[in-house]
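Please look over the sequence and the model first.

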Amino acid sequence: MTVRSRIIGCGSYLPSTILTNEELASRVDTSDEWITARTGIKQRHIAAEGETTSDLAVNAARMAMDHAGITAADIDLIIVATATPDNTFPATATKVQARLGVTGFAFDIQAVCSGFIYALTTADMYIRNGQAKTALVIGAETFSRILDWEDRRTCVLFGDGAGAVIVQATTGTGSTDDQGILASRLHSDGSKYELLYVDGGPSSTQTVGHVQMEGKEVFRHAVTNLASVIHEVLADTGMDIHDIDWLVPHQANRRILDGTARKFGISPDKVVITVDRHANTSAASIPLALSEAVHDGRIKRGQIIILEAMGGGFTWGASLIRW
Ligand code: ACO
């Protein structure tokens, strides 16, 4: 008998304000044509004044709990992946815990755009170790608060949002026929720090700072690292890319998504895409995309899906799941 972590519910939340490329072009020197051609992004959601990461997270969590048919009393672990916490401390996850009325323990994970894969993998460890039975795993970001809105190279790329999943212990046979997380791999390479970082923080500048990025270099590393980590989770399970029903990637840029799919010969209709409507919501992008594809009926029980992400650090990772 093997303990597996199965995703039993998904939820999402997007702030109501939409900022289109055309509106952005009236504020900075850019155009819908440039943004669409380079990134595939058409619009992004922006949190309202006073609306925080924990607000977004709680909304997504409530939807995931309803979908799973559980209450706060069932949850014993909350992990929030975020690079834009409400406060330097305490963890945003503890705020979410208080708002939902959950006991147990809660903490944040900081792996930027790979945060959701890191958080899901961590929850899987706690579940398989027997330290948690039902975990709420959230990716939530208000990236609009760490953008320099006069820097056209970065401000066009990101948006705000939150996605959440409920992960529960289940028993399996240990084979790849089991439902749940079948393999996960995480990586980081701190030597690439300067290619994507925020130029502020409590210990360095005592300010929040803004996103800084060498776009071309990030692009090059993203396609290579994502391809290699997908190979790893396939090898771990003895599966082939043809066994995959859905790829649910971190939504950074349409060209990265297309490049990764092309590298593997995955048909574009097996890739869940939200970047056109959400832009890059960092740790929130995978659970937002996952929730959309589960709720609209594309992802079905028994199917094989791969989640993958790469972000600042660099960090990258993937999870292979039988839904
Ligand atoms: N509007 C109009 N022109 C722009 C804009 C803009 N928003 N931004 C940059 N430009 C200009 C530049 O100034 C430059 O002009 P110049 O030639 O006169 O100097 C020209 O466009 C080309 O700039 P590049 O930076 O070379 O553009 P590139 O083709 O590399 O595209 C982009 C930039 C879209 C950021 C690309 O490098 C990319 O997609 N990188 C991946 C980064 C990414 O997705 N990061 C997200 C976070 S990391 C992650 O989640 C994986």
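Between which domains does the ligand lie? Domain 1 (2–172) and domain 2 (180–322) each give residues to the shell around the ligand, so the ligand lies between them; the domain bounds come from an automatic or database domain assignment. This is a predicted model, in which local features need pLDDT of at least 70, side-chain atom pairs count only at pLDDT 80 or more, and totals for chains, interfaces and linings use all residues. Residues are numbered from 1 along each chain as its sequence is written, and side-chain values use heavy atoms, with hydrogens and water left out.

**Shell around the ligand**

- Around the ligand there are 23 residues, a residue being near if one of its heavy atoms lies within 4 Å.
- Thr30, Arg38, Lys216, His250 and Asn253 come nearest.
- The shell holds eleven nonpolar, six polar and six charged residues.
- H7 gives the largest share, four residues.

**Polar side-chain atoms and the ligand**

- A polar side-chain atom of Arg38 is 2.8 Å from a ligand oxygen atom.
- For His250, the distance from a polar side-chain atom to an oxygen atom of the ligand is 2.9 Å.
- An N or O atom in the side chain of Trp34 lies 3.3 Å from an oxygen atom of the ligand.

**Cysteines**

- The structure has zero disulfides, a disulfide being a pair of cysteine sulfur atoms within 2.5 Å.
- Cys113 is in no disulfide, and the nearest cysteine sulfur, that of Cys155, is 16 Å away.
- Cys113 is buried, with a relative accessible area of 6% (buried means under 20%, with a 1.4 Å probe and protein chains only).
- Cys155 is also buried, at 0% relative accessibility.

Notes: Buried means under 20% relative accessible area, exposed over 50%, partly exposed in between (1.4 Å probe, protein chains only). A polar contact is a pair of N or O atoms within 3.5 Å; within protein, one must be able to donate a hydrogen and the other to accept it, and residues adjacent in sequence count only if both atoms are side-chain atoms. Helices (H or I, at least four residues) and strands (E, at least two) are DSSP runs, numbered from the N terminus. Ala, Val, Leu, Ile, Met, Phe, Trp, Tyr, Cys and Pro count as nonpolar, Asp, Glu, Lys and Arg as charged, and the others, Gly among them, as polar.
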